[in-house]
Amino acid sequence: MRSVKPELILACVAGALVLAGCAAGGGGMAAKTASGIPLGMTGPHEVAALPDRPKFGRPISEADIAPWNIDIRTPDGLGLPPGRGSVAEGKTVYDTKCIACHGADAKGGAMFGTMVGGIGSFTTNARVLTPGSMYPYAPIIFDYVRRAMPMDRPQSLSANEVYAVTAYLLNLNGLVPAGAVMDAASLTAVKMPNRDGFLIDDRPDSAATRCMSNCN
Amino acid sequence: MTSKSSEKTGSQSPGREEGGRRPEARSRRNFLRSSAALAGGGMLAAGTKAAAAPLAIPSIAHETGRPIPESVYGMPSKFEAHVARRRTDVFKNRQNWSDWSMSPLQHQPGIITPNGLIFERHHAGIPDIDPATHRLVIHGMVRQPLEFRMEDLVRYPSVSRFHFHECSGNGLTDWLKPASTTVQQTHGLLSGVLWTGVLASTLFEEAGVDPRGKWALFEGADSAGHARSIPLEKVMDDTIIAYAMNGERLRPENGYPVRAVMPGWEGNVSIKWLRRIKVGDQPWHLRSETARYTDPMPGGKWRQFSMVMEAKSVITNPSGGMDLKGPGFYEITGLAWSGNGKIRAVDVSVDGGKTWREAMLEGPVMDKCLTRFKAPWEWDGKPAVLMSRAVDSMGYVQPTVKDLQKTRAIVGFVQHHNAIQPWTVNAKGEVRNAIGQA
């Protein structure tokens, strides 16, 4: 093994990254990411790996990774594949491959509750979470259905089938018209009602004190 | 203590030695203060009953035991069969692929959860992955996309670190009124694990992260393709690409052959059956980080990327469903943990939060790790309400549900429940879940 300078062992592994809590030596500081997300306590850490940097990774091309490269960056649809599907085609896909678990018209079935409605319910005491009410970006439906559905045969639908069933679910939620056809561009353009429904983590959000006696 | 129905309560030592005080406790002044107070300053019940009959010689004394098999994986005693993971008893899930099971914390001494008892949360069941064919790739905004095989991963310099592991949904059935009976049901989406693996930073540095890279998508090889966007700061700080837990390779239900571990963060981000990591310059906003694993806030909003599991504690003995065997000495003990560092102190109350005394922390006390606390209690036979309150190294004090209600909306299945858990003890000695009541 290569010899190392001892100070490297304790060096902050984050390197060039902005790490507010790095200098704190762990604890005591609420480190946040550049985008404002609380990180919790950061290093240096008591148990460190040897600083040696052997290289065992095997170079691979993006082309060879493509069969696994199924994620979609949902706000701008990056990663959406070519293909298209209509609401009508989506109903056919749904009634063959989804209805057994999700029920007719996605209103709830043997394995899962409703996937329609709930828009406007979040200001009430009975929030109804559906793709229509909850997803901030329409490509989330594509990403999730492609990676995880149908639950008894995931990652088995063609891109056209996923576009179609996505169009159908959006239509059932009143978010696209019955004649809609979804492809990479039109799906990304759908405006979802919960688009602005999220706040970045702002905890700690409580101010409990350590009362020891005569507490209420 | 004995618990309801067929449940047994693990080893509850009566702790008679030295007046019920553990020897190591005497070194802690604040602990002495607390023991005096919790015991009401009174004497311990001296009721050492005479043995009822001469000791029997059991038949096992005359029979040779089981011989050592040539090779075997040892299992717990058949008399411990009641110590098992359990799905929630609060409701019946319509399927058990995207479901969870909980650790029997009432039976766990110490701070390590045995591998067969570590809680589970899967989104499409448990895959059985052959390590010989498994591949992990890192790609996206990197200088050189890389593929790793298991034989590669185990050759890197490794780390072994103790951390708590908790699901963000721990406690979601029990916010405003009791629905669960036992601590397994209220808090069992929690385990203590010694993780072994290679630091993610090692692999990322080898692939060479593009300076514009800010986030990484971690994705599982299971049929849910479960995936989360993780800020690179976390990846480079302490994320472990783990292949072993508690001294053996991962169990299939915990991500075999390789998983991510993001210490102190909600369990959901520690992707199991890890197959792919993609570096990007912004988060992906997938279903699991928008429609799920977000927290309802007033005004119809949702808190997103709430990753850190804040300081929390719970008394595991006595706890819900147990029966105290009459007045006298009990060791109140439980677990405390924080994603924001170490546990600095745990306070215990037996009067529903009117007065508190500092408990003893049983070392080692480690970063983002379960910490065991203990406090002696002389039960006078009157109704009592037991609570614990953790303080972490940031000075954060564990809140009550009422404290959290001031800023959050408690509606539906709410995540990130780190509030104080009260257990009531009635005059009969029955211990009950009293969340939202006391």
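Visitor: At what angle do helix H3 and helix H7 of chain A pack?
Guide: This is a predicted model. In it, H3 (residues 87-97) and H7 (residues 159-172) of chain A pack at an angle of about 100°, and their axes are 7 Å apart.

Visitor: What do I call that arrangement?
Guide: Roughly perpendicular, because angles of 65 to 115 degrees count that way. So H3(A) is roughly perpendicular to H7(A).

Visitor: Which residues make the contact?
Guide: On the H3(A) side they include A:Val87, A:Val93, A:Tyr94 and A:Lys97. On the H7(A) side they include A:Glu161, A:Ala164, A:Tyr168 and A:Asn171.

Visitor: I clicked on A:Leu157. Where is that?
Guide: A:Leu157 sits in the loop between helix H6 (139-148) and H7 of chain A.

Visitor: Is A:Leu157 buried or exposed?
Guide: Buried: the relative accessible area of A:Leu157 is 14%, and under 20% counts as buried.

Visitor: Which residues does A:Leu157 touch?
Guide: Leaving aside residues up to four places away in sequence, A:Leu157 touches A:Lys97, A:Val145, A:Met149, A:Pro150 and A:Val162. A:Lys97 also takes part in the contact between H3(A) and H7(A).

Visitor: How far is A:Leu157 from A:Ala207?
Guide: Their C-alpha atoms are separated by 49 Å. Along the chain, A:Leu157 and A:Ala207 are 50 residues apart.

Visitor: Back to H6(A). How many of its residues are buried?
Guide: In H6(A), 9 of the 10 residues are buried, so the helix is largely enclosed by the rest of the structure. Among the buried ones are A:Ile140, A:Phe142, A:Asp143 and A:Arg146. A:Val145, one of the residues touched by A:Leu157, is buried too.

Visitor: What covers them?
Guide: Parts of both chains. From chain A the cover includes helix H5 (131-134), H7 and helix H8 (184-189). From chain B it includes strand E9 (215-220) and strand E10 (227-231).

Visitor: Let's switch to chain B. How many helices and strands does chain B have?
Guide: Chain B comes to 6 helices and 26 strands. Of its 438 residues, 62% count as buried. Looking at contacts in chain B with a separation of 6 or more, residues 24 or more positions apart account for 73%.

Visitor: How is chain B divided?
Guide: Into domain 1 (115-177 + 189-303) and domain 2 (308-433). The centres of these two domains of chain B, taken over C-alpha atoms, are 29 Å apart. Their contact takes 30 residues from domain 1 and 26 residues from domain 2.

Visitor: How much area do the two domains of chain B bury between them?
Guide: About 2,500 Å², with 62% of it on carbon and sulfur atoms. B:Phe164, B:Trp175 and B:Pro296 supply 29% of what domain 1 buries against domain 2, more than any other three residues.

Visitor: Which residues other than glycine have a positive phi?
Guide: Most residues other than glycine have a negative phi. Here, B:Trp273 has a phi near 50°, and B:Tyr293 has one near 60°. B:Trp273 lies in the loop between strand E13 (259-261) and strand E14 (274-280) of chain B. B:Tyr293 is found in the loop between E14 and strand E15 (295-297) of chain B.

Visitor: Are those two buried or exposed?
Guide: B:Trp273 counts as buried at 2% relative accessibility. B:Tyr293 is buried as well, at 9%.

Visitor: Last one: where do I find cis peptide bonds?
Guide: One joins B:Asn317 and B:Pro318, with omega about -5°. B:Pro318 lies in the loop between strand E17 (312-317) and strand E18 (322-323) of chain B. Another runs from B:Gly363 to B:Pro364, with omega near -5°. B:Pro364 is in the loop between strand E22 (360-362) and strand E23 (371-379) of chain B.

Key: Residues are numbered from 1 along each chain as its sequence is written. Chains are lettered from A and ligands numbered from 1 in the order in which they are written. This is a predicted model: local features need pLDDT of at least 70, side-chain atom pairs count only at pLDDT 80 or more; totals for chains, interfaces and linings use all residues. Side-chain values use heavy atoms; hydrogens and water are left out. Axes are lines fitted to C-alpha atoms, for helices over the stretch in contact, and angles run from 0 to 180 degrees between N-to-C directions. Helices (H or I, at least four residues) and strands (E, at least two) are DSSP runs, numbered from the N terminus. Angles under 35 degrees count as roughly parallel, over 145 as roughly antiparallel, 65 to 115 as roughly perpendicular and the rest as oblique. Contact means heavy atoms within 4.5 Å. Buried means under 20% relative accessible area, exposed over 50%, partly exposed in between (1.4 Å probe, protein chains only). Domain bounds come from an automatic or database domain assignment. Buried area is the accessible area (1.4 Å probe) that two parts lose on being put together, summed over both.
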